[in-house]
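Reader: I would like to learn how to read a few features of a model from its coordinates. Please take them one at a time.

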Amino acid sequence: EVIVVKHLEPFRLSLEKLKVVSTRLRKDMIRGLGKHTHHRAAVKMLPTFVRATPDGTEKGDFLALDLGGTNFRVLHVRVMEEEQKMVKMDSQLCAIPQEIMLGTGEQLFDHIAACLSEFLDSQNLKGQTLPMGFTFSFPCEQKEIDKSILIRWTKGFNCSGVEGEDVVKLLKEAIHRRGDYDISSVAMVNDTVGTMMSCGYRDQTCEIGMIIGTGTNACYMEEMKNVKRVEGEDGQMCINTEWGGFGDDGSLEDILTEFDKVVDRTSINPGVHTFEKMISGMYLGEIVRLVLMKLTEKKLLFKGEVSEALRTKETFETKFISMIEDGLENAKKILTELGLTWDLVDARVVRLVCETISSRSARLCAAALATIVDRIRVNRGLPHLKTTVGVDGTVYKKHPKMQPSMHFLTPDCKIKFLVSEDGSGKGAAMVTAVAQRLLSSLTQSQVYFSVLDI
């Protein structure tokens with residue numbers, strides 16, 4: 001086992017190393033916020049035009065659309081002020097057939113508008129004109145809360161005539177083409193922002209949203225005066241960090257292992273999303289598989305016998321990691337299913353590998369989160385900060401190991417984690433509700449000032 005530990009050494013990041021990672025991310029965040037530096041920053045720091053978190057007075061009926069993969073959901077959410085709660089009244093899942101994913105943008109948005117129409121009928125909401133939140137999980141450049149330009153399609157979509165266009169405009173045009181219903185306003189919502197907002201209604205100290213699932217990302221409330229790309233000095237704006245790209249400029253070269261480099265080379269997007277590839281569910285299983293392969297080749301596992309399954313890319317699923325950490329019985333079952341001949345020592349070694357890789361993921365995430373939390377504390381000139389992080393994603397739910405590292409990395413901050421309930425549905429509705437609230441208080445103050453003018 002001593003030799004195995006030596007092979008796993010590159011994955012063990014000391015607290016000192018994590019602090020270095022944190023310092024680098026801090027610099028990258030500042031670069032991403034800068035007016036003249038953002039275009040070449042690895043960490044994009046995108047303005048979301050969400051200018052406040054919930055204050056508990058939000059209320060009303062809202063629609064939410066969630067398009068992030070091969071299905072999309074339509075939801076009806078009711079926010080009740082007196083009971084301080086958000087209720088999902090109903091939702092519907094609509095499939096997006098392959099031919100639409102690869103067809104024209106017009107076909108895609110007509111399909112979405114048709115499904116929305118069907119849903120409104122089923123809810124008897126056709127007569128009402130409701131505001132809507134739209135979670136669109138593709139790389140976009142947001143220009144306003146209701147204007148978002150698709151940069152490029154990902155996840156198997158390739159609809160013509162959408163890249164470089166405003167998705168809100170395309171959706172509204174499709175709804176107008178039908179002419180059987182209308183929506184009053186649309187707020188574009190990134191899924192991290194939805195996570196922060198759905199938690200923020202339950203806990204008003206929540207000002208960070210984080211996702212560790214298939215991918216990883218985070219958002220937080222930044223002071224407007226630091227958001228150089230958007231006019232205005234007052235108040236705050238939520239920034240979508242896109243931290244998955246951290247390291248894309250080579251800044252994490254010294255902590256990447258040979259296994260990370262293979263994962264990157266063999267991925268569909270080499271050289272991109274360096275940080276995400278060390279952390280998120282899409283890649284963790286593959287890292288473990290590569291380590292097990294190497295240990296077997298060195299005759300430190302399975303008597304040096306590699307099975308066909310272990311040789312095949314992505315056969316070691318990320319969910320196996322938490323199953324194996326839960327107990328040796330699971331490990332034995334999974335190893336047998338992978339066609340490996342194992343003994344008890346092998347099972348223990350595999351478990352050690354899983355623990356090493358998943359705790360590196362948790363510690364890297366903790367370092368990145370510590371950077372954000374500390375930034376908020378410094379921004380506000382506080383000696384101590386108490387804040388809440390809204391979290392979503394299967395990897396986090398199965399490996400809640402971040403707490404211990406957080407304590408050492410941010411001794412001046414007290415952090416509470418809240419697991420989000422349906423960020424892309426309820427959270428999207430909440431973004432819309434807050435936007436409505438700010439809009440109505442703005443119109444009221446404008447009315448007030450025009451009375452003063454008279």
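Author: Start with how elements are named: helices and strands are DSSP runs, numbered from the N terminus. This is a predicted model. In it, Met45 is found in the loop between α2 (15–33) and β1 (46–47).

Reader: What is the phi of Met45, about how many degrees?

Author: Phi of Met45 is positive, about 50 degrees, although the residue is not a glycine.

Reader: Is Met45 buried or exposed?

Author: The cut-off for buried is under 20% relative accessible area, and exposed means over 50%. Met45 has 1% relative accessibility, so it counts as buried.

Reader: Where does Lys303 lie, and what is its phi?

Author: Lys303 lies in the loop between α9 (281–297) and α10 (308–311). Its phi is near 50 degrees, again a positive value in a residue other than glycine. Lys303 is exposed, because its relative accessible area is 65%.

Reader: Which domains does the domain assignment give?

Author: The assignment gives domain 1 (1–47 + 205–419) and domain 2 (60–189). The C-alpha centres of domain 1 and domain 2 lie 31 Å apart.

Reader: Now helix packing. What describes two packed helices?

Author: Two numbers do: the angle between the axes and the distance between them. Take helix α4 (residues 105–122) and helix α5 (residues 167–178), whose axes are 9 Å apart and at an angle of about 60 degrees. That angle makes α4 oblique to α5. The crossing of α4 and α5 is right-handed.

Reader: Which residues make the contact of α4 and α5?

Author: From α4 come Glu106, Phe109, Asp110, Ile112, Ala113, Ala114, Leu116 and Ser117. From α5 come Val167, Leu170, Leu171, Ala174, Ile175, Arg177 and Arg178. By class, the contact of α4 with α5 divides into ten nonpolar, one polar and four charged residues.

Reader: At what angle do the axes of helix α7 and α9 cross?

Author: The axes of helix α7 (residues 258–265) and α9 cross at roughly 125 degrees and come within 10 Å. Therefore α7 is oblique to α9. Their crossing is right-handed.

Reader: Which residues of α7 and α9 meet?

Author: On the α7 side they are Glu258, Phe259, Asp260, Val262 and Val263. On the α9 side they are Tyr283, Glu286, Ile287, Leu290, Val291 and Lys294. The contact of α7 with α9 has seven nonpolar residues, no polar ones and four charged ones.

Reader: How do the axes of α9 and helix α13 cross, at what angle?

Author: The axes of α9 and helix α13 (residues 344–379) cross at roughly 140 degrees and come within 10 Å. The cut-off for roughly antiparallel is over 145 degrees. So α9 counts as oblique to α13. α9 passes α13 in a right-handed crossing. In this contact, α9 contributes Leu284, Ile287, Val288, Val291, Leu292 and Leu295. α13 contributes Val349, Val350, Val353, Cys354, Ile357, Arg360 and Ser361. The contact of α9 with α13 divides into eleven nonpolar, one polar and one charged residue.

Reader: Val350 is in that list. Is Val350 buried or exposed?

Author: Val350, in helix α13, is at 0% relative accessibility and so counts as buried. Leaving out residues up to four places away in sequence, Val350 touches Leu292, Leu301, Phe302, Ile324 and Leu335. Val350 and Leu301 are 49 residues apart in sequence, with 8.6 Å between their C-alpha atoms.

Reader: What about Val378, buried or exposed?

Author: Val378 is also found in helix α13. Val378 is exposed, because its relative accessible area is 52%.

Reader: How many residues separate Val378 and Gly390 in sequence, and what is their separation in space?

Author: Val378 and Gly390 are twelve residues apart in sequence and 20 Å apart in space, C-alpha to C-alpha.

Reader: And where does Glu83 lie?

Author: Glu83 lies in the loop between β3 (71–80) and β4 (85–95). With 44% relative accessibility, Glu83 counts as partly exposed. Glu83 and Tyr396 are 313 residues apart along the chain, and their C-alpha atoms are separated by 29 Å.

Key. Residues are numbered from 1 along each chain as its sequence is written. This is a predicted model: local features need pLDDT of at least 70, side-chain atom pairs count only at pLDDT 80 or more; totals for chains, interfaces and linings use all residues. Side-chain values use heavy atoms; hydrogens and water are left out. Domain bounds come from an automatic or database domain assignment. Helices (H or I, at least four residues) and strands (E, at least two) are DSSP runs, numbered from the N terminus. Buried means under 20% relative accessible area, exposed over 50%, partly exposed in between (1.4 Å probe, protein chains only). Axes are lines fitted to C-alpha atoms, for helices over the stretch in contact, and angles run from 0 to 180 degrees between N-to-C directions. Angles under 35 degrees count as roughly parallel, over 145 as roughly antiparallel, 65 to 115 as roughly perpendicular and the rest as oblique. A crossing is left-handed if the near helix is turned anticlockwise from the far one by less than a right angle, and right-handed if clockwise. Contact means heavy atoms within 4.5 Å. Ala, Val, Leu, Ile, Met, Phe, Trp, Tyr, Cys and Pro count as nonpolar, Asp, Glu, Lys and Arg as charged, and the others, Gly among them, as polar.
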